Amino acid sequence: MKTKKTPLRMCTGCGEMFDKRTLVRVVKSPEGEISLDLTGKKSGRGAYVCKSAECLKKARKKKAFERAFSVTIDDGIYEEMEKEIENAE
């Protein structure tokens, strides 16, 4: 029997490869709105980050999401994402 491959994604904060289901997806919707996608099913361009506030802070410092989505992101959006990740843990 053939084993199914697990999709791997890179965390934008720490740069490590993880199973896609263990990471949180950050999405830029077709309307240009940036948000967390805890279900992994929202439409739009996605980037992944670990479920820790520390990795989100690293990604913020490196401006990884801004590069991935080619857009500037306000501090308020980062703060909302930090709160959502802390509540999800």
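1. Glu82 sits in helix H3 (helices here are DSSP runs of H or I with at least four residues, strands are runs of E with at least two, and both are numbered from the N terminus). This is a predicted model, where local features need pLDDT of at least 70 and side-chain atom pairs count only at pLDDT 80 or more, while totals for chains, interfaces and linings use all residues. Residues are numbered from 1 along each chain as its sequence is written, and side-chain values use heavy atoms, with hydrogens and water left out.

2. Is Glu82 buried or exposed? Buried, with a relative accessible area of 15% (buried means under 20%, exposed over 50%, partly exposed in between, with a 1.4 Å probe and protein chains only). Not counting residues up to four places away in sequence, Glu82 touches Leu56, Lys57 and Arg60; contact means heavy atoms within 4.5 Å.

3. Now for H1, residues 53-62. Its buried residues are Ala53, Cys55, Leu56 and Ala59. They lie on the same side of H1 because they cover an arc of only 160° around the axis, going by the directions from the helix axis to the C-beta atoms. Glu54 and Lys61, on the other side of H1, are exposed. The cover over the buried residues includes strand E5 (45-49), helix H2 (64-69) and helix H3 (75-88).

4. The largest nonpolar core has 20 residues (a set of buried Ala, Val, Leu, Ile, Met, Phe, Trp, Tyr and Cys residues joined through side-chain atoms within 4.5 Å). Those with the most contacts inside it are Cys11, Val26, Leu36, Val49, Phe65, Phe69 and Met81. At least two residues of this core come from each of strand E3 (24-28), strand E4 (34-37), E5, H1, H2 and H3. Met81 is in contact with Val26, Leu36 and Leu56, leaving aside neighbours within four places in sequence.

5. Beyond four places in sequence, Val27 touches residues including Glu33, Ile34, Ser35, Asp37 and Phe69. Val27 and Cys14 are 13 residues apart along the chain, with 18 Å between their C-alpha atoms.

6. Two backbone spots to check by eye. Lys63 lies in the loop between H1 and H2 and has a positive phi of about 55° although it is not a glycine. Lys63 is partly exposed, at 48% relative accessible area. Ser70, in the loop between H2 and H3, also has a positive phi of about 55° without being a glycine. Ser70 counts as exposed at 67% relative accessibility.

7. Last, the pocket. How much space lies in the largest pocket? About 220 Å³. A pocket is an open set of points on a 1 Å grid over the protein atoms alone, where a 1.4 Å probe fits, with protein on both sides within 12 Å along at least five of seven lines; lining residues have an atom within 4 Å of a point. Grid points are joined across faces, edges and corners, and the volume is the space filled by probe spheres set on them. Among the lining residues are Lys20, Arg21, Arg25, Asp37, Tyr48 and Lys51. The lining divides into 4 nonpolar, 2 polar and 5 charged residues, with Ala, Val, Leu, Ile, Met, Phe, Trp, Tyr, Cys and Pro as nonpolar, Asp, Glu, Lys and Arg as charged, and the others, Gly among them, as polar.
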